Amino acid sequence: MLQITKIFNFETAHALHGYAGKCRNLHGHSYKLHVTVSSKTPEEGYLGGTGILMDFKDLKKLVNEKVVDKFDHRLILSKAYLAANPNLGELENLEIWDMEPSAENIILYIKQELQGGFPEDVELVKLVLYETSDSYAEWIK
Ligand SMILES: Nc1nc2c(c(=O)[nH]1)N=C([C@H](O)[C@H](O)COP(=O)(O)OP(=O)(O)OP(=O)(O)O)CN2
Ligand SMILES: [Zn+2]
């Protein structure tokens, strides 16, 4: 299968409510996101026209609008975390989620944000989200 990938970076703070370890406290990550798309039409030896599956520039614009701009320099906390720490509720860069902002839940959120936003013949097939240099979540269609 032919596919293309673009890599994005964003800085986001979070905490995991109920986590039995240091990640229950507020902290941040330099997230690295790999977004991979494929053509719905099987390729036949070569791509006609301009020879591109989807313009990297268009992929960049879409992911920046739908994901990076929403996460970069934001603080994500669950309703459960805020119920236990109500003093944080007034912060201007706070995003409040129903679920805990684990790498797993962030990647599922990103999948939902991106799916449906691609040109008709293009589909999202893989996301990889690095939370640290050696910890990542992966979604594969
Ligand atoms: N399955 C998951 N486990 C953990 C998540 C997560 O989102 N999904 N998140 C955390 C923490 O938020 C944070 O990412 C710490 O992760 P970790 O890989 O443990 O980070 P470090 O490498 O910096 O930790 P060391 O103590 O230095 O090993 C925890 N788990
Ligand atoms: Zn973390």
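These legends go with close-up views of a predicted model.

**View 1. The zinc ion (ligand 2) and its histidines.** Three side chains hold on to the zinc ion (ligand 2) here: H14, H27 and H29, each through its NE2 atom, at 1.9 to 2.0 Å. Counting donor atoms around this zinc ion gives 4, and the angles they subtend run from 95 to 133 degrees, which is why the arrangement goes down as tetrahedral. For reference, the ideal angle for four tetrahedral donors is 109.5 degrees.

**View 2. Where the zinc donors sit along the chain.** Read along the chain, the donors of the zinc ion (ligand 2) are spaced as H-x12-H-x1-H. H14 belongs to strand β1 (residues 3-14) and H29 to strand β2 (residues 27-39), so this pair, 15 residues apart, links distant parts of the chain. H14 and H29 are both buried.

**View 3. Ligand 1 meets the histidines.** The side chain of H14 puts a polar atom 3.2 Å from an oxygen atom of ligand 1. H27 has a side-chain N or O atom 3.2 Å from an oxygen atom of ligand 1, and for H29 the corresponding distance is 3.3 Å. On its own, ligand 1 has 610 Å² of accessible area, and the protein covers 57% of that.

Notes
Residues are numbered from 1 along each chain as its sequence is written. Chains are lettered from A and ligands numbered from 1 in the order in which they are written. This is a predicted model: local features need pLDDT of at least 70, side-chain atom pairs count only at pLDDT 80 or more; totals for chains, interfaces and linings use all residues. Side-chain values use heavy atoms; hydrogens and water are left out. Donors are N, O and S atoms within 2.8 Å of the metal (3.2 Å for Na, K and Ca); water is not among the atoms, so sites may look incomplete. Four donors count as tetrahedral if all angles lie between 85 and 135 degrees; four count as square planar and six as octahedral if opposite donors are over 155 degrees apart and all others between 65 and 115; anything else is irregular. Helices (H or I, at least four residues) and strands (E, at least two) are DSSP runs, numbered from the N terminus. Buried means under 20% relative accessible area, exposed over 50%, partly exposed in between (1.4 Å probe, protein chains only). A polar contact is a pair of N or O atoms within 3.5 Å; within protein, one must be able to donate a hydrogen and the other to accept it, and residues adjacent in sequence count only if both atoms are side-chain atoms. Accessible areas come from the Shrake-Rupley method with a 1.4 Å probe; for residues, only the protein chains shown count as cover.
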